[in-house]
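Work through these exercises with the sequence and the model side by side. Try each task before reading its solution.

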Amino acid sequence: MTQTVEHVAREVPTGPAILEVRNGGKSFGAVHVLRGVAFEARAGEVTALVGDNGAGKSTLIKCIAGIYPFDSGELYLDGERVTITDPAHANSLGIEVVYQDLALCDNMDVVHNLFLGRELRKHGFLDEGAMERRTAEVLASLSVRSVRSIRQHASSLSGGQRQTVAIARAVLWNSKVLILDEPTAALGVAQTEQVLNLVRRLADKGLAVVLISHNMNEVFEVADSIAVLYLGQMAGQIRAADSNRGEVVELITTGTRGAGGVNLNGRATVGSATTSNDGSKA
Ligand SMILES: Nc1ncnc2c1ncn2[C@@H]1O[C@H](COP(=O)(O)OP(=O)(O)O)[C@@H](O)[C@H]1O
Ligand SMILES: [Mg+2]
């Protein structure tokens, strides 16, 4: 099923910033991987997080997901400041991440993969019936029809189906923020479209979806907002509708855009407002 993602360009933000990082910093030893990073994701939107290899994208989401603590800065969820202590804490706050390597268990079926580590139990025993019903429900609610049987082993799934199952696992738990680290990197054209359609539908259901991607075509196809990391600093977070590939590529490769544009030592445009981006020592 190949279809074009329906991208509704939005002039104004559709929801409040459900997730916001202010002045986020992270070092590994002497290496400052993130410096003064501002980042936000809104409900009902796809926020693309882009940047060259090593820019700090994965580190930023790992800090948001509780895998590493930020060394400095603040994180707000629904406007409330939170300190995320570990991944289970992030999950309990409605933050779910689908990592690049996907970590599905090949020798388990779709149902068991969806509930891996969070199995439903009744009287101490696995509640297979309830997990099976819930799996069917969540796949149907995501309009996923390509998975033949929810009792098939993950080893028999295609790359796109694996990604779909990993995403379904993440949205099973009333998540508010869904972070996807390069979900289409290993996929062909048709499967990429399927996953992008799913990404768009999830945002349309009200989730704040953060999509890490290298692919400018898919970024402009599906994203409402684009955040560009450059050498650990946020070069800018801009509305997709107000931007273009050339500008984003310039931000990715140089950290600035045009004369009088974003300057890491100065100010970056976020939406229509101007926000200081100088959390780091310039
Ligand atoms: N656990 C770690 N220890 C030391 N350095 C790390 C660690 N994780 C990431 N880095 C470094 O941080 C930088 C950013 O990495 P990463 O966040 O993976 O970038 P991206 O996802 O944008 O490619 C890289 O220079 C990488 O080598
Ligand atoms: Mg990465």
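**Exercise 1.** Which residue just after H8 takes a positive phi?

*Solution.* The residue is glycine 255, with a phi of about 80°. Helices (H or I, at least four residues) and strands (E, at least two) are DSSP runs, numbered from the N terminus. The model is predicted: local features need pLDDT of at least 70, side-chain atom pairs count only at pLDDT 80 or more, and totals for chains, interfaces and linings use all residues. Residues are numbered from 1 along each chain as its sequence is written, while chains are lettered from A and ligands numbered from 1 in the order in which they are written.

**Exercise 2.** Find the buried residues of H8 (residues 245-254) and say what covers them.

*Solution.* Start with the term. A residue is buried if 20 or more other C-beta atoms lie within 10 Å of its own, exposed if 12 or fewer, and partly exposed in between; C-beta atoms are placed from the backbone. In H8, Val248, Leu251 and Ile252 are buried. They span an arc of only 100° around the axis, so they lie on the same side of H8. The arc is taken from the directions from the helix axis to the C-beta atoms. Next, the cover: it includes E3, helix H7 (216-222), strand E11 (225-230) and strand E12 (233-239).

**Exercise 3.** How many residues of strand E10 (residues 208-212) are buried, and which way does each point?

*Solution.* Five of the five are buried, so E10 is largely enclosed by the rest of the structure. Ala208, Val210 and Ile212 point one way. Val209 and Leu211 point the other way. In a regular strand, side chains alternate between the two faces of the sheet.

**Exercise 4.** Identify strands that pair with E10.

*Solution.* Two strands pair if DSSP finds at least two bridges between them. Take strand E3 (residues 46-50): its pairing with E10 is parallel, over four bridges. Valine 46 stands opposite valine 209. Now take strand E9 (residues 177-181). Five bridges join E9 to E10, again in parallel. Here isoleucine 179 has valine 210 as its bridge partner.

**Exercise 5.** What unit do E9, helix H6 (residues 189-204) and E10 make?

*Solution.* They make a right-handed β-α-β unit. A crossover is right-handed if, with the strands pointing away from the viewer, the path from the first strand over the helix to the second runs clockwise.

Conventions
Contact = placed C-beta atoms within 7 Å.
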